[in-house]
Amino acid sequence: MNKLLLTGNITKDARLNAVSDLKDAVSFTIAVNESQKNAATGEYTDVPTYYNVTRFYDKGQGDRVVGYLTKGREVSVEGSLQKSKPQTATNGKTYHSSYIRAEDIQFGRKPKDAAPQSDAA
């Protein structure tokens, strides 16, 4: 089973890309904080981990959502971990990356607003 549920904050405004005549993709990155204990001091600090997220929509539906996915907004993302196609860099090395393919996005707090909204698509 490949299922993820992450809650974090969007690091920059989402991008809308047309992937075909029938589909749009909305892509963004979220930062999820994990509290880690410093072995030397015993104090806890938040350490962010960044996740790339893509949600596919029927053509024209991504326009409705992309405006809500703005920098600083809290979101909960439910989806699965996917591998991207391998990329070969100019140095000849091949790199692999992963991203979250979102099935559902729940909108949380805006940076200065606590009114939650839900993904209607």
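Is glutamate 103 buried, partly exposed or exposed, and what is its relative accessibility? Glutamate 103 counts as partly exposed, at 43% relative accessibility. The model described here is predicted.

## Salt bridges overall

Across the whole structure, 5 salt bridges are found.

## Lysine 3 and glutamate 103

Glutamate 103 forms a salt bridge with lysine 3, with an N to O distance of 3.0 Å. The two residues are 100 residues apart and link distant parts of the chain: lysine 3 belongs to the segment before strand E1 (4–10), and glutamate 103 to strand E8 (residues 98–107).

Lysine 3 is also partly exposed, its relative accessible area being 42%. A network of salt bridges links Lys3, Glu78 and Glu103.

## Lysine 59 and aspartate 24

The salt bridge between lysine 59 and aspartate 24 has its closest N and O atoms 3.2 Å apart. Aspartate 24 lies in strand E3 (residues 23–37) and lysine 59 in the loop between strand E4 (44–58) and helix H1 (62–66), so the pair ties together parts 35 residues apart in sequence.

Lysine 59 is partly exposed at 40% relative accessibility, whereas aspartate 24 is buried at 5%.

## Arginine 109 and glutamate 74

Arginine 109 and glutamate 74 meet through their side chains in a salt bridge of 3.1 Å, N to O. This pair also links distant parts of the chain, 35 residues apart: glutamate 74 is in strand E5 (residues 74–83), and arginine 109 is in the loop between E8 and strand E9 (117–118).

Glutamate 74 counts as buried because its relative accessibility is 19% and the cut-off for buried is under 20%. Arginine 109, at 47%, counts as partly exposed.

Methods
Residues numbered from 1 in each chain as written. Predicted model: local features only at pLDDT ≥ 70, side-chain atom pairs only at ≥ 80, totals over all residues. Heavy atoms only, no water. Salt bridge = Lys/Arg side-chain N within 4 Å of Asp/Glu carboxyl O. Helix = DSSP H or I, 4+ residues; strand = E, 2+ residues; numbered from the N terminus. Buried < 20%, exposed > 50% of the residue type's maximum accessible area, 1.4 Å probe, protein only.
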